[in-house]
Amino acid sequence: MKTFDHLSVIGLREWIALPELGMVGLRAKIDTGASTSTLHASDIVPFEKKGEKWVRFTAHLGTLVQRRHRCEAQVVSVKTIKSSNGQAQTRYVIRTLLALGDRVWPIEFTLACRKTMRYRVLLGSKALVQAQLVVNPALTYVQEKPTLSLPGAQ
């Protein structure tokens, strides 16, 4: 059996922060079957800022107690995503910093309504590969809860 000592281990669920969006204390479900990460968003409104495409949206935090947070982010692209039930959906894609444990790195999120889902954030395989993380599905909340740090802080 090979071991990979240089890779950090995370559990099936982890606490994350999105410092550029001003959000901390988000519970994320790790989904290695999804390539793209997804953030629960509603009221998504596209607009232009200095000739570039942006979106305003409401991010939803928490599962039992709903908290709402208004955000703005530049649009990286628009993708058609096929859900696990086979339905195709067009989604805006944004790039923002993700803090997990003591690491901070930029990842892409699609914005989608996840109000019927238990977790408001899914971390897909692309985000895990970028940070060289491995998942032990028998564990949860392995990494320390990140604090809100300034964008670009490592």
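This report describes the confidence, strand pairing, salt bridges and one surface patch of a predicted model.

**Confidence**

The structure is a predicted model, not an experimental one. The mean pLDDT of the chain is 86, and 88% of the residues reach at least 70. Confidence is highest in strand β2 (residues 13-18), with a value of 94, and lowest in β6, with a mean of 87. Over residues 150-154, the pLDDT falls below 50. Beyond near neighbours in sequence, this stretch makes five contacts in the model. Where pLDDT is low, the predicted coordinates should not be read in detail.

**Strand β8 and its partners**

Strand β8 covers residues 103-112. Seven of its ten residues are buried, so β8 is largely enclosed by the rest of the structure. Strand β8 pairs with β7 in the antiparallel sense, over eight bridges. Within this pairing, Leu100 stands opposite Arg103 of β8. The strands β7 and β8 form a hairpin with two residues between them, and Gly101 in this hairpin adopts a positive phi near 65 degrees. Strand β8 also pairs with β4, here in the parallel sense and over four bridges. His40 has Ala112 of β8 as its bridge partner.

**Salt bridges**

How many salt bridges does a search of the whole structure find? The search finds three, and they are listed in the table below.

| Salt bridge | Closest N to O distance |
|---|---|
| Lys49 and Glu72 | 3.8 Å |
| Arg56 and Glu72 | 2.8 Å |

The bridge between Lys49 and Glu72 has its closest N and O atoms 3.8 Å apart. Lys49 belongs to strand β4 (residues 37-49) and Glu72 to strand β6 (residues 67-82), so this pair ties together parts that are 23 residues apart in sequence. Lys49 is partly exposed, with a relative accessible area of 33%, and Glu72 is partly exposed as well, at 35% relative accessibility.

Glu72 also forms a salt bridge with Arg56, at 2.8 Å between the closest N and O atoms. Because Glu72 lies in strand β6 and Arg56 in strand β5 (residues 52-61), the pair ties together parts 16 residues apart in sequence. Arg56 counts as partly exposed, at 31% relative accessibility.

Arg95 is partly exposed, with a relative accessible area of 43%. Glu108 is also partly exposed, with a relative accessible area of 23%.

Glu72 takes part in the bridge with Lys49 and in the bridge with Arg56.

**A nonpolar surface patch**

Val9, Val134, Leu139 and Val142 form a nonpolar patch on the surface. Together, these residues have about 250 Å² of accessible area. Val134 is located in strand β10 (residues 133-136). Is Val134 buried or partly exposed? Val134 counts as partly exposed, because its relative accessibility is 31% and the class of buried residues lies under 20%.

Conventions: Residues are numbered from 1 along each chain as its sequence is written. This is a predicted model: local features need pLDDT of at least 70, side-chain atom pairs count only at pLDDT 80 or more; totals for chains, interfaces and linings use all residues. Side-chain values use heavy atoms; hydrogens and water are left out. Patches are made of residues with over 30% relative accessible area and no salt bridge: like charges are joined within 9 Å, nonpolar side chains (Val, Leu, Ile, Met, Phe, Trp, Tyr) within 5 Å. Accessible areas come from the Shrake-Rupley method with a 1.4 Å probe; for residues, only the protein chains shown count as cover. A salt bridge is a side-chain nitrogen of Lys or Arg within 4 Å of a carboxyl oxygen of Asp or Glu. Buried means under 20% relative accessible area, exposed over 50%, partly exposed in between (1.4 Å probe, protein chains only). Two strands pair if DSSP finds at least two bridges between them. pLDDT is the predictor's confidence in each residue, from 0 to 100. Contact means heavy atoms within 4.5 Å.
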